[in-house]
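The sequence and structure come next.

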Amino acid sequence: MNHMWPDFLDTACMPLPSNAAVYRVEADAHHWTWAADALREAGASLLALWGSDDRDRDECLRVRAAYLLPDRVVLIEHAMPAERGVYPSLTSRFPVADRLQRAIHDLLGIRAEGGDTRPWLRHGGWPEGVFPLRRDVGSAQTYPGVSAPYPFVPVIGEGVHEVAVGPVHAGTIEPGRFHVSVVGEKVLRLEERLGYTHKGVAKRFESFMQRDGHRLAARLSGDSTVAFGWAYCAALESITASVPSPRAAVLRALALERERIANHLGDLGGIGNDAGFAFGLTQFSTLKEQLLRHNAEVFGQRYLFDFVVPGGVACDLPVRAMPTLLDEVAMLECAVHELRSIYANHEGLQDRFLGAGRLTPVQARTLGAVGLAARASGIARDLRVDQPWAPYDNLAPVLATRAEGDVAARVQVRFDETLESLRLCRHLLDTLPHGDLCAEVPMAPAGQLGVGLIEGWRGPVMVALETGPDGRIRRCHPHDPSWQNWPLIEVALLGNIVPDFPLINKSFNLSYSGHDG
């Protein structure tokens with residue numbers, strides 16, 4: 001480990017229940033910042049940051065930071081007296097912490113020292129002095145909506161104009177506000193405003209039984225339902241030492257890879273369409289629709305919201321479906337190869353793709369990019385490869401990366417990952433073992449903390465689950481990788497022209513719902 005790695009991390013690390021290697025460390029304010037410095041020097045990225053109200057337990061408020069290293073996750077936990085909910089900011093070390101810290105304050109009233117104090121998730125849905133994740137605030141409590149204008153950072157200068165995009169957009173798309181400052185058509189600055197789809201998911205979890213929480217987790221972001229459902233189940237199964245059968249694990253991986261394929265197919269069509277190539281949208285949309293229809297025929301749902309359940313899966317793969325799915329894999333491989341050739345040889349598309357929305361490897365590392373966006377900017381990280389869990393520990397997935405960091409690179413990573421997922425699907429179908437579909441998962445005792453970590457199609461999806469008494473959930477924090485990657489668009493758009501904003505935005509295709517929670 002890096003020479004700056006503090007000794008207390010080695011001596012104080014305690015393993016946490018998880019499907020990955022996760023270690024927990026309790027730290028005072030000094031060690032909170034010391035650990036952040038050491039982990040940054042060691043090459044860690046900030047995976048998640050959240051807080052909890054533990055006044056009923058020990059009169060404390062807590063903030064937790066999960067750091068992702070290639071071989072482990074380190075969870076640093078800092079407790080504060082309830083009367084002084086203040087902790088050292090992480091923004092200077094990990095820029096992505098800024099919005100996470102603002103969200104923690106909106107929900108819990110725990111303030112980071114210094115930094116941006118503007119609200120992030122609170123859009124007038126609750127008063128400034130109310131913090132909905134505190135234990136003395138009821139989940140059914142409502143407030144009159146009082147919304148104030150959001151103070152965007154102004155850009156002043158000769159010829160500077162401001163273009164407001166959203167929060168309501170054309171077409172079927174979730175709401176988000178984009179404040180663009182331009183000179184002519186060149187973008188000088190982009191500032192985002194999210195939080196419009198905040199649903200109070202974390203508070204809602206507190207009313208769920210442990211055995212039912214996967215259903216809510218799977219609905220945080222509909223295009224990542226398998227990833228979130230699996231992450232929740234992995235956390236609960238780790239706490240209870242429950243092990244799904246090899247057959248269930250393979251079926252889960254099959255569902256996760258099909259989710260990845262469906263989203264990449266949809267994005268490849270959408271990116272082509274935003275570059276004026278409607279043929280690409282038609283072709284890829286047709287392929288995605290065929291895959292979703294096969295999902296409905298085989299699993300009973302187009303999007304597999306309730307397929308992954310604690311202990312395994314909800315239904316089996318019918319024997320009659322095997323030839324159909326194998327034929328589908330062969331058809332998709334052929335079609336994707338052909339369409340990749342068409343995209344590569346279309347001069348108009350390449351003119352729009354090459355150089356647009358560039359995020360350099362240095363920028364990606366500095367800003368903490370994760371997942372597909374990071375791999376397109378030279379960061380070779382994928383949990384399926386770095387910290388493989390069953391059955392990925394026997395699959396040896398091939399990592400897809402590019403170094404250019406532009407729209408073209410993100411398109412190429414999507415093509416590579418689609419073809420690799422198709423290869424994995426064929427292997428999973430050919431080697432599907434016998435076994436039970438679902439193992440019994442006992443009720444976990446109160447006061448246990450477990451972490452589920454799954455590489456979704458956008459990047460690492462995390463669920464931190466804390467159990468309550470009588471089989472209930474005390475606290476559940478789901479984290480979508482869109483938190484890390486939304487700020488990247490603000491950098492990638494600089495110097496581009498305004499008409500390229502939809503194309504660049506689509507090349508990332510981040511989740512509003514997953515981010516807003």
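## Basis and a covered helix

A residue counts as buried under 20% relative accessible area, as exposed over 50% and as partly exposed in between (1.4 Å probe, protein chains only). Helices (H or I, at least four residues) and strands (E, at least two) are DSSP runs, numbered from the N terminus. The model is predicted: local features need pLDDT of at least 70, side-chain atom pairs count only at pLDDT 80 or more, and totals for chains, interfaces and linings use all residues. Residues are numbered from 1 along each chain as its sequence is written, and side-chain values use heavy atoms, with hydrogens and water left out.

Helix α16 (residues 482-492) is mostly covered, with ten of its eleven residues buried. Among them are Trp483, Trp486, Leu488 and Ile489.

## Aromatic pairs

Rings of Phe, Tyr and Trp (its six-membered ring) pair if their centres lie within 6.5 Å; planes under 30 degrees apart are stacked, over 60 edge-to-face and the rest tilted. The count by this rule is 18 aromatic pairs. Trp32 and Tyr87 are edge-to-face because their ring centres are 6.0 Å apart and their planes stand at 80 degrees. Trp32 belongs to helix α2 (residues 29-41) and Tyr87 to strand β6 (residues 86-88), so this pair ties together parts that are 55 residues apart in sequence. Both Trp32 and Tyr87 are buried.

Tyr67 and Phe94 form a tilted pair, because their ring centres are 5.3 Å apart and their planes are at 50 degrees. Tyr67 sits in strand β4 (residues 60-69) and Phe94 in the loop between β6 and α4 (97-108), 27 residues apart. Tyr67 is buried at a relative accessible area of 1%, and Phe94 is buried at 6%. Elsewhere, ring pairs join Phe277, Phe279, Phe284, Tyr343, Phe353 and Phe415 into a cluster.

## Cavities

On a 1 Å grid over the protein atoms alone, a cavity is a set of points where a 1.4 Å probe fits but cannot get out; lining residues have an atom within 4 Å of a point. A volume is the space filled by probe spheres set on the points. There are three cavities of 30 Å³ or more. The largest cavity has a volume of about 80 Å³. Of its 15 lining residues, Glu259, Asn295, Arg302, Tyr303 and Leu304 are the closest to its centre. Helix α8 gives the largest share of this lining, five residues.

The second largest cavity has a volume of about 50 Å³. Its lining includes Trp457, Arg458 and Asn485; Asn485 is also one of the buried residues of α16.

Key: 1 Å grid on protein atoms, 1.4 Å probe; cavity = no way out; pocket = protein on both sides within 12 Å on 5 of 7 lines; lining within 4 Å.
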